[in-house]
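Open the model in your viewer and keep the selection tool at hand. The stops below go from one selection to the next, with a short note on what is found at each.

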Amino acid sequence: LKDGFKLLPEQKVDKMHDYFWDRKPEIDKTTYFYPQKMVVNCPGVLEMANKFLKDAQRYLGVTPIIANYSAWWSHPGESEHERLWHTDLDDIRFLKLFVYLTDVNEASGPHMSIPGSQDLNLLHGLSKATATFAPWYFSTLRKDDLVVSMFFHKLKRILFTGERGTAFLNDTRGLHRGVTPVAASRLVLQVLYTVAPFYHEEPAKITRRLPKKYDPYSNMLWMK
């Protein structure tokens with residue numbers, strides 16, 4: 001995973017799309033999240049998460065834990081504030097799998113990332129070079145694009161677009177954002193891989209027996 005991201009082969013997600021299409025999400029401000037119990041028991045989701053464990057292990061350097069499953073809709077008209085640049089703090093080291101369950105173009109809210117912005121050496125260098133960098137970076141949760149461009153102008157931005165089934169891994173300790181949809185909605189599945197066997201919310205349990213081919217350690221949070 002060079003610079004904290006990797007594009008993956010296109011995945012078969014028609015059954016996942018239909019599963020969520022037939023179910024009602026919960027509304028959190030302007031984002032439409034599905035309950036975790038519903039996500040973890042979606043056909044194919046468990047298989048999808050375990051499919052990329054080796055990629056996560058190579059990047060994290062340890063056997064990863066599948067710490068969270070989430071799926072949500074993003075719709076046109078959402079708050080611009082929620083779409084500003086930000087970083088995630090899910091663990092000391094972690095990686096996220098994103099799978100688009102709808103076609104996503106520039107007008108339907110694609111994920112955008114600045115690969116390399118999670119590098120601690122880079123952040124340390126910026127802190128030493130500019131006195132205003134550290135107070136801004138570490139105290140501002142949602143970061144304005146103009147200021148991000150000023151400090152990170154040397155790094156390339158990646159806009160993740162593609163048809164239903166597009167999948168990629170991203171270390172979201174680095175700067176990232178969801179572009180505000182303007183013409184169409186986006187449905188995305190996300191899986192979190194961590195190094196620590198816990199998460200800040202109680203995980204839902206899978207309603208079927210874990211297949212023997214899957215690592216019980218990586219799946220420990222989801223087993224009854």
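The second largest pocket has a volume of about 330 Å³. Here a pocket is found on a 1 Å grid over the protein atoms alone, as an open set of points where a 1.4 Å probe fits, with protein on both sides within 12 Å along at least five of seven lines; lining residues have an atom within 4 Å of a point. Grid points are joined across faces, edges and corners, and the volume is the space filled by probe spheres set on them. Select Thr87, Asp88, Leu89, Tyr137 and Phe138, which are the closest to the centre among the 17 residues that line this second pocket. Helices α5 (120-129) and α6 (133-139) each give two or more residues to the lining, and α6 has the largest share, with 3 residues. Helices (H or I, at least four residues) and strands (E, at least two) are DSSP runs, numbered from the N terminus.

The model is predicted: local features need pLDDT of at least 70, side-chain atom pairs count only at pLDDT 80 or more, and totals for chains, interfaces and linings use all residues. Residues are numbered from 1 along each chain as its sequence is written, and side-chain values use heavy atoms, with hydrogens and water left out.

Next, select Phe33, Trp72, His86, Asp88 and Arg142. They lie nearest the centre of the largest pocket, which is lined by 35 residues and holds about 1000 Å³ of space. Among the elements that give two or more residues to its lining are β2 (26-28), β3 (31-33) and β9 (176-178). Strand β4 gives the most to this lining, with 5 residues.

Stay with β4 and select Ser70, which is found in that strand. Is Ser70 buried or exposed? At 10% relative accessibility, Ser70 counts as buried; buried means under 20% relative accessible area and exposed over 50%, with partly exposed in between (1.4 Å probe, protein chains only). Contact means heavy atoms within 4.5 Å. Leaving aside neighbours within four places in sequence, Ser70 is in contact with Val39, Val188, Leu189 and Gln190.

Now select Phe20, Tyr69, Leu97, Leu189 and Tyr193. Of the 42 residues in the largest nonpolar core, these touch the most other members. A nonpolar core is a set of buried Ala, Val, Leu, Ile, Met, Phe, Trp, Tyr and Cys residues joined through side-chain atoms within 4.5 Å. Elements giving two or more residues to this core include α1 (14-21), β4 (65-74) and β10 (186-194), and β4 gives the most, with 6 residues. Not counting residues up to four places away in sequence, Tyr69 touches residues including Gln36, Leu46, Gln190 and Trp222. A second, separate core of 13 residues includes Trp85, Ile114, Leu123 and Phe151.

The last stop is α4. Its buried residues are Leu53, Asp55, Ala56 and Leu60. These cover an arc of only 160 degrees around the axis, so they are on the same side of α4; the arc is that of the directions from the helix axis to the C-beta atoms. What covers them includes β1 (5-8), α3, β4 and β10. Turn the view to the face away from this buried side, and the exposed residues Lys54 and Arg58 come up. Gly61 follows α4, with a positive phi near 85 degrees.
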